[in-house]
Amino acid sequence: DGSRKVDYPPGALQHLNTEMPWSQMLKHPIVQNAIDKEVQGMFENGTVQYTIVPRGTKLLSQVPGHKVKHQINKDTTKIRVSANGKQEVADVDFDPMNISARVATKDAGRVLFSLCATEGMETAMVDADAAFQQADPGKRLTADERVFLRQLRGLELRDSQGRRIVGRNGDIVALVLLKEIYGRHCAAKSWQEFSVPKLIMAVDL
């Protein structure tokens, strides 16, 4: 799945509008709790860290997504922060010939589950928390291979007087990507290259 969830009693989130503008999300206490958990998790996971970059450095915007699930025993709200992949340029920010991740077809899945049922095998479903953020990020095809993100609007670092913090000579505060993030063209491939060897070791193939 990937995003970090916050659980509430059943029916507690019936009034939440998942289409609310970002400015309203920042003011809503329940959504704010989910935002704080997601952003804090990104830092604790080592996905991003603050850095100072020269003005004019390419920065990918962060795109927050909000989702609510209503279940029998609980309501769940979650925020997923993604990079704006539309701002990436082929042959500059990623290699268009090397971004594909292998996926299983629906027929292959049906055959596998049929085989498990026929042979009396056990099956298990695994959900990885903040999945893509475990993998190393795909590198840019430039001299500086690092990927930088803008700070989330409304959550920028500020000084004691509420002013945005800037570096010398107009340098700006940004986030350097240390692990992969949803939204980038190479994110799925990065996650697959990270996870498949671990899964093979886990099942002792």
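The legends below describe close-up views of a predicted model.

**View 1. The whole protein and its order of elements.** The protein contains 4 helices and 6 strands. Read from the N terminus, these elements follow the order β-α-α-β-β-β-α-β-β-α. Along the principal axes, the C-alpha atoms fill a box of roughly 70 × 50 × 25 Å. Of the contacts in the protein with a separation of 6 or more, 77% are between residues 24 or more positions apart.

View 2. Of the 205 residues in the protein, 35% are buried.

**View 3. The open sheet β2-β6-β5.** This sheet is built from 3 strands in the order β2-β6-β5, with antiparallel pairing. Its edge strands are β2 (48-53) and β5 (148-149), each of which pairs on one side only. Strands of a sheet pair through backbone hydrogen bonds, in either a parallel or an antiparallel arrangement.

**View 4. Pairing of β2 with β6.** Strand β6 covers residues 172-177 and pairs with β2 in the antiparallel sense over 6 bridges. Within this view, Thr51 stands opposite Ala174, a residue of β6.

**View 5. Helix α2 and its buried residues.** Helix α2 takes in residues 29-44, 16 residues in total. From its first C-alpha to its last, α2 reaches 22 Å, close to the 22 Å expected at 1.5 Å a residue. The buried residues in α2 are Ile30, Val31, Gln32, Ala34, Ile35, Glu38, Gly41 and Met42. An α-helix has 3.6 residues a turn, so residues three or four places apart point the same way. After α2 comes Gly46, which has a positive phi near 75 degrees.

**View 6. Helix α3, largely in the open.** Helix α3 is formed by residues 106-119, 14 residues in total. The distance from its first C-alpha to its last is 20 Å, close to the 20 Å expected at 1.5 Å a residue. Because the number of buried residues among the 14 of α3 is 1, this helix lies largely in the open. After α3 comes Gly120, with a positive phi near 65 degrees.

Note on methods: Residues are numbered from 1 along each chain as its sequence is written. This is a predicted model: local features need pLDDT of at least 70, side-chain atom pairs count only at pLDDT 80 or more; totals for chains, interfaces and linings use all residues. Side-chain values use heavy atoms; hydrogens and water are left out. Helices (H or I, at least four residues) and strands (E, at least two) are DSSP runs, numbered from the N terminus. Buried means under 20% relative accessible area, exposed over 50%, partly exposed in between (1.4 Å probe, protein chains only). Contact means heavy atoms within 4.5 Å. The expected span of a helix is 1.5 Å times one less than its number of residues. Two strands pair if DSSP finds at least two bridges between them.
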